[in-house]
Amino acid sequence: MSPIIRKSFWKQTLRPEDLPGLPRKFHTSEVLPRSKRIWNDLRLATADRPSRIPVLFILLLRLWRAEFIAGFSWSLAQGLLATVVRPLLLQALIQHTSTAAHAEDGGRLAAAYVAALLFAVAMEGVATTATRVTLSDRFGAGFVTTMAGLIYDKAMRLAPGVAENEKALLSNDVMKCQDQVKLLCMVPQSVSALVGGISVLLCT
C-alpha cells in the first residue's frame, strides 16, 4: 500500500498501471480446476448422505480456508480488544492513579498502563483493518473468482441463448453476495464483543 500512498500523494489521479495486479492465486485459471475437482468430490460424497452444511460453503472453506480463519480470528480479537482489554486497562489505570498516587513507583506503573492502553487501541485499529482486508477483500475476491469461474464454465457448455440464468447469477446474485461478505466481518466481532462485555460486567 505504501507505494500507492506515495504516488497518490504526488499525483491528482492514479493510473491503472499504478495499481498492483490481482495475486495469481485469485486468477480463474488457478482457481477453476481446483474448484471443479473439489465440487465433484463433494457431490459424490454427499450423493447418498446429504451434508448438513451447504456444499458451496464447504467448497469455499477448502479453497480459501487461510483467508477465512485469519479474518475470523482478527474479528474475534477486535471485539475482545474493544470490550475486554481496553476497559480493564482503563479501569486499572484509574484505580492506580487514585490509590497509589504517592507511591515511589506510581509514575512508572501509570506510564506502563498508559503505554499498554495505547498499544491496545493501536492493535484494535490493526485488527479492524486486518479483518476488512482478509474477510472482505481477500475472501470476497476468492468468492467472486470461484463463483464466476463455475458459472462461466457451465455457461460455456450450454447451447447459445440458454445461458440467460447464468448471466443473471453472475451480474446480480454473485455481486450482491460479495457485497454481503462485508457484513461477515462484523459477526465474529459482535459475538466476541457481546460475550466479553458481559463477562467483564459480571466479573468486575
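**Notebook: aromatic and charged contacts**

I looked up the rings and found one aromatic cluster, formed by Phe 57, Phe 68, Phe 72 and Phe 139. The model is predicted, with pLDDT of at least 70 needed for local features and 80 or more for side-chain atom pairs, while totals for chains, interfaces and linings use all residues. Residues are numbered from 1 along each chain as its sequence is written, and side-chain values use heavy atoms, leaving out hydrogens and water.

I took rings of Phe, Tyr and Trp (its six-membered ring) as paired if their centres lie within 6.5 Å, with planes under 30 degrees apart stacked, over 60 edge-to-face and the rest tilted. The count is four aromatic pairs. One of them, Phe 57 with Phe 68, is edge-to-face at 6.2 Å centre to centre and 85° between the planes. Phe 57 is in helix H3 (residues 55-63) and Phe 68 in helix H4 (residues 65-99), so the pair ties together parts eleven residues apart in sequence; helices are DSSP runs (H or I, at least four residues), numbered from the N terminus.

Next I checked salt bridges (a side-chain nitrogen of Lys or Arg within 4 Å of a carboxyl oxygen of Asp or Glu). There are four. Glu 67 and Lys 25 meet at 2.6 Å, N to O. Glu 67 lies in helix H4 and Lys 25 in the loop between helix H1 (2-10) and helix H2 (28-45), 42 residues apart. Lys 25, Glu 67 and Arg 138 are linked in a network of salt bridges.

I also noted a salt bridge between Arg 86 and Glu 124 (3.0 Å, N to O). Arg 86 is in helix H4 and Glu 124 in helix H5 (residues 106-156), 38 residues apart.

Technical notes:
Helices (H or I, at least four residues) and strands (E, at least two) are DSSP runs, numbered from the N terminus.
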